[in-house]
Amino acid sequence: LDGHSIERVVKEIEKPDSAMRTLTLDGNRDVEEGAFDMLALSLKRTERITALRLNECKFSLTTVRRFAEGLRFNQSVKELCLCYSGITSEGVELLCETLEQNATLTHLSLQGNAFGDNGFRAIARCLLRSAPPNLVSLNVAAAEITESSGGLFGELIGRAKVLRNLYAGRNHLADTGMAGVANGLRSAETHILTLDLNCNAITGDGCQFLGAALPHNRTLQTLVLGANELGNPGARHLADGIQKNTALTQLDLQENRISDAGLRHLALALTHNFTLARIRLGNNEVENAGALHLMECLRKNSGIQAISLSNNYLTGKVATKYTYINLVTAPPGTRARTPTNVASLRKPAGGVPYASAPNLARTLTASQSSLASPTRAGRSDVLSPQASFRSTEGSEDSFVPPSATTPAGGRPGGPVSPA
């Protein structure tokens with residue numbers, strides 16, 4: 001779009017009879033300086049737009065300041081997505097000043113902006129105020145946040161009064177950062193429901209902290225640890241924590257080099273835990289023996305609804321029967337134990353972008369083409385579904401939150417699909 005096009009958009013929004021509620025202008029990196037200022041000023045004059053998505057646009061600090069001013073007293077925008085738009089730590093500070101006065105915004109996505117530890121510090125300081133903003137979901141994925149912010153993550157997880165969903169995948173928290181995260185999960189004051197830590201260079205050592213924290217946590221429902229380096233030691237530490245946890249319902253351990261030995265620990269934990277309902281174990285190193293042992297342990301579990309073992313090393317009848325397991329509920333008083341909707345082992349040519357967050361509910365009724373994940377190298381090119389908190393009605397990917405969707409072909413530096 002050019003400046004004239006944005007001006008026409010603004011005029012349409014400001015029409016008295018305008019029915020526009022969602023505005024998506026993703027991928028407009030070449031708009032001349034100041035063109036978005038008209039839209040920012042419009043936010044002061046009109047209160048119709050509820051979702052504003054400006055992913056992969058190029059914003060100067062001046063433009064961010066104008067948007068911050070426009071949103072400060074706006075009472076209609078609930079969802080703001082500014083992913084991969086060049087926002088610096090100074091820009092984040094301006095947005096945080098706005099959050100302190102805006103009581104309407106509930107979803108903020110800043111994925112792919114390299115504001116680093118300084119920007120995250122400003123966000124945490126804002127959300128930990130005695131009278132915090134009403135922000136429920138925060139996406140700070142791929143923001144160059146390092147392990148030095150682990151303690152701050154712990155404070156945010158443990159003390160934030162309103163925040164419920166935190167997406168922090170593709171950062172650099174590593175094992176050192178997990179110590180702080182675990183302290184937050186242990187807190188009696190935590191309210192976090194969803195925690196996404198995919199692709200954060202976490203190993204089995206970091207999982208030791210998480211595993212020790214899980215028995216003390218009573219709120220976390222979805223934990224995403226895909227594309228890390230947990231290995232069998234990490235699976236063992238998580239299994240120890242899962243045994244005594246009564247809150248977690250969805251767990252993503254895709255692409256973590258977990259083999260039969262690690263799966264045995266997880267399977268044993270499922271003989272004690274009846275809360276965990278859906279698990280993703282795709283793209284690991286599980287073989288037939290591990291899958292069969294898991295099935296045997298599930299005979300003692302009445303809570304599991306679905307497990308994905310796609311793209312492991314299953315062969316023959318085991319691959320045909322157990323690559324995807326959907327345990328359906330039988331008539332009252334009984335429990336069906338025959339897996340249904342089983343996917344074949346063969347990996348499709350396409351696959352879907354990696355979905356790094358919660359709500360396995362609809363997805364695990366999909367075919368394997370919907371469950372397949374690209375390699376770790378390819379995953380870094382994909383715009384996380386949390387970039388846009390969009391509706392997933394009909395979505396096949398189980399770890400996409402109800403308010404998110406996976407952009408078709410979205411990637412840093414390229415367009416994402418419109419709403």
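Predicted model: local features only at pLDDT ≥ 70, side-chain atom pairs only at ≥ 80, totals over all residues.
1. Overall make-up. The chain has 419 residues, and 59% of them count as buried. Its secondary structure consists of 14 helices and twelve strands. The accessible surface is about 16200 Å². Carbon and sulfur atoms supply 51% of that surface.

2. Helix 7 and helix 8. Two packed helices are described by the angle between their axes and the distance between the axes. Helix 7 covers residues 174–186, and helix 8 covers residues 204–213. Their axes come within 8 Å and cross at roughly 5°. Angles under 35 degrees count as roughly parallel, so helix 7 and helix 8 are roughly parallel to each other.

3. The residues in that contact. Helix 7 contributes D175, M178, A179, V181, A182, L185 and R186. Helix 8 answers with D205, G206, F209, L210, A212 and A213. By class, the contact has nine nonpolar, one polar and three charged residues.

4. G177. This glycine also sits in helix 7. G177 is buried, because its relative accessible area is 0% and the cut-off for buried is under 20%. Beyond residues up to four places away in sequence, G177 touches E147 and G150. N200 is 23 residues from G177 along the chain, and their C-alpha atoms are separated by 9.4 Å.

5. Positive phi at A142. The phi of A142 is near 50°, a positive value in a residue other than glycine. A142 lies in the loop between strand 5 (137–139) and helix 6 (150–159). Is A142 buried or exposed? A142 counts as buried, because its relative accessibility is 18% and the limit is under 20%.

6. Positive phi at N283. N283 is not a glycine either, yet its phi is positive, at about 60°. Its place is the loop between strand 10 (278–280) and helix 11. N283 has 17% relative accessibility and therefore counts as buried.

7. P16. This proline is found in the loop between helix 1 (3–13) and strand 1 (22–24). P16 is exposed, with a relative accessible area of 77%. T46 is 30 residues away along the chain, and the C-alpha atoms of P16 and T46 are separated by 9.5 Å.

8. G27. The loop between strand 1 and helix 2 (37–45) holds G27. G27 counts as partly exposed, at 33% relative accessibility. Where does this loop residue make contact? Leaving aside neighbours within four places in sequence, G27 is in contact with N55, E56 and C57. S85 is 58 residues from G27 along the chain, with 9.0 Å between their C-alpha atoms.

9. G226. This glycine is found in the loop between strand 8 (222–224) and helix 9. G226 counts as buried, because its relative accessibility is 0%. G226 and N256 are 30 residues apart in sequence. Their C-alpha atoms are 6.6 Å apart in space.

10. Cysteines. A disulfide is a covalent bond between the sulfur atoms of two cysteines. How many disulfides does the model contain? The count comes to zero, with a pair of cysteine sulfur atoms required to lie within 2.5 Å. C57, a contact of G27, counts as buried at 0% relative accessibility. C297 counts as buried too, at 10% relative accessibility.

Terms used
Residues numbered from 1 in each chain as written. Heavy atoms only, no water. Axes fitted to C-alpha atoms, helices over the stretch in contact; angles between N-to-C directions. Helix = DSSP H or I, 4+ residues; strand = E, 2+ residues; numbered from the N terminus. Parallel < 35°, antiparallel > 145°, perpendicular 65-115°, else oblique. Contact = heavy atoms within 4.5 Å. Nonpolar A, V, L, I, M, F, W, Y, C, P; charged D, E, K, R; others polar. Buried < 20%, exposed > 50% of the residue type's maximum accessible area, 1.4 Å probe, protein only. Areas by Shrake-Rupley, 256 points an atom, 1.4 Å probe, with all protein chains shown as cover.
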